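Student: I have a structure open and would like to learn how to read it. Could we go through it together, step by step?

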Amino acid sequence: MYCTTKRKIADCVKELVRKEEIRKITVQDIMHGTNMSRQSFYYHFQDIYDVLEWIGIHDFMEMDSHTAEQDTGAWVLGLVHVLRADDAFYGRIVREIHWPELLGCIRRLILARTAQIWGGCGREWQSGDTGDWQSGQYLFATSLSYYLMEYVYQKRKIADRQVLQEIQFVTKALERAAACQPRAVCVREAVK
């Protein structure tokens, strides 16, 4: 019931966002669309922006569950496909919400996924380059976040092949860094 209620609220918000400006949507509009009480909304969410973040997280997580074994390029294409599939919704979000706020949410999702993709033990090398690895991941996540926001904002209609070409340099650099793990000894593994 809990997840069903959240999903019902989220679906209603998605429909409303496709039709009107985010700042004009009220909790009352959402509750009218879902036939729920105001208390139901506030039990599950703090505000409309909390719902929007929940929607983004769940849309990307759903896509992510289908691409768990794919490489970085295929995963990024999956993100682009999620955005394309609902461009009216994501387009309005990118046009109406202050980008630094969006950046934090998108970057968190990407950082979580890069930890899965490049896994290992957090890249805590004995050589002391943990900061370099984390900086690389952070740079990748930030760059990809801006790339995705710009992709939606500019309403880009480009082929998958071109998306892959545009992100190829950064993904290859990080994949090479991740592949270096066998040559270094992870601090946690060395302690065992």
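**From fold to salt bridges**

Tutor: Gladly! Keep in mind that this is a predicted model. From the N terminus on, its elements run α-α-α-α-α-α-α-α-α-α, which comes to ten helices and zero strands.

Student: How many residues does the protein have, and what percentage of them count as buried?

Tutor: The protein has 192 residues, and 43% of them count as buried. Its accessible surface comes to about 11,000 Å², with 53% of that belonging to carbon and sulfur atoms.

Student: What do the contacts say about parts that are apart in sequence?

Tutor: Take the contacts between residues at least 6 apart in sequence: 71% of them join residues at least 24 apart.

Student: Let's take a single residue. Is isoleucine 9 buried or exposed?

Tutor: A residue counts as buried under 20% relative accessible area. Isoleucine 9 counts as buried because its relative accessibility is 0%. You will find isoleucine 9 in helix α1, residues 2–19.

Student: Which residues does isoleucine 9 touch, leaving out those up to four places away in sequence?

Tutor: Its partners are Ile30, Met31, Thr34, Met36, Ser40, Phe41, His44, Phe45 and Val51. Take methionine 31: it is 22 residues from isoleucine 9 along the chain, and the two C-alpha atoms are separated by 7.8 Å.

Student: Now to charged pairs. What should I look for in a salt bridge?

Tutor: Look for a side-chain nitrogen of Lys or Arg within 4 Å of a carboxyl oxygen of Asp or Glu. By this rule the count here comes to twelve salt bridges. One of them pairs lysine 14 with aspartate 86, with the closest N and O atoms 3.4 Å apart. Lysine 14 lies in helix α1 and aspartate 86 in the loop between α5 (72–85) and α6 (87–96), so this pair ties together parts that are 72 residues apart in sequence.

Student: Are lysine 14 and aspartate 86 buried or exposed?

Tutor: Lysine 14 is buried, at a relative accessible area of 12%, and aspartate 86 also counts as buried, at 9%.

Student: Which salt bridge does glutamate 15 form?

Tutor: Glutamate 15 pairs with arginine 18, the closest N and O atoms being 2.3 Å apart. The two are three residues apart in helix α1, so about one helical turn separates them. Glutamate 15 counts as partly exposed at 38% relative accessibility, as does arginine 18 at 29%.

Student: Where does aspartate 86 meet arginine 18?

Tutor: Their side chains meet in a salt bridge of 2.5 Å, N to O. Aspartate 86 lies in the loop between α5 and α6 and arginine 18 in helix α1, so the pair ties together parts 68 residues apart in sequence. Through shared partners, salt bridges join Lys14, Glu15, Arg18, Asp59 and Asp86 into one network.

Terms used: Residues are numbered from 1 along each chain as its sequence is written. This is a predicted model: local features need pLDDT of at least 70, side-chain atom pairs count only at pLDDT 80 or more; totals for chains, interfaces and linings use all residues. Side-chain values use heavy atoms; hydrogens and water are left out. Helices (H or I, at least four residues) and strands (E, at least two) are DSSP runs, numbered from the N terminus. Buried means under 20% relative accessible area, exposed over 50%, partly exposed in between (1.4 Å probe, protein chains only). Contact means heavy atoms within 4.5 Å. Accessible areas come from the Shrake-Rupley method with a 1.4 Å probe; for residues, only the protein chains shown count as cover.
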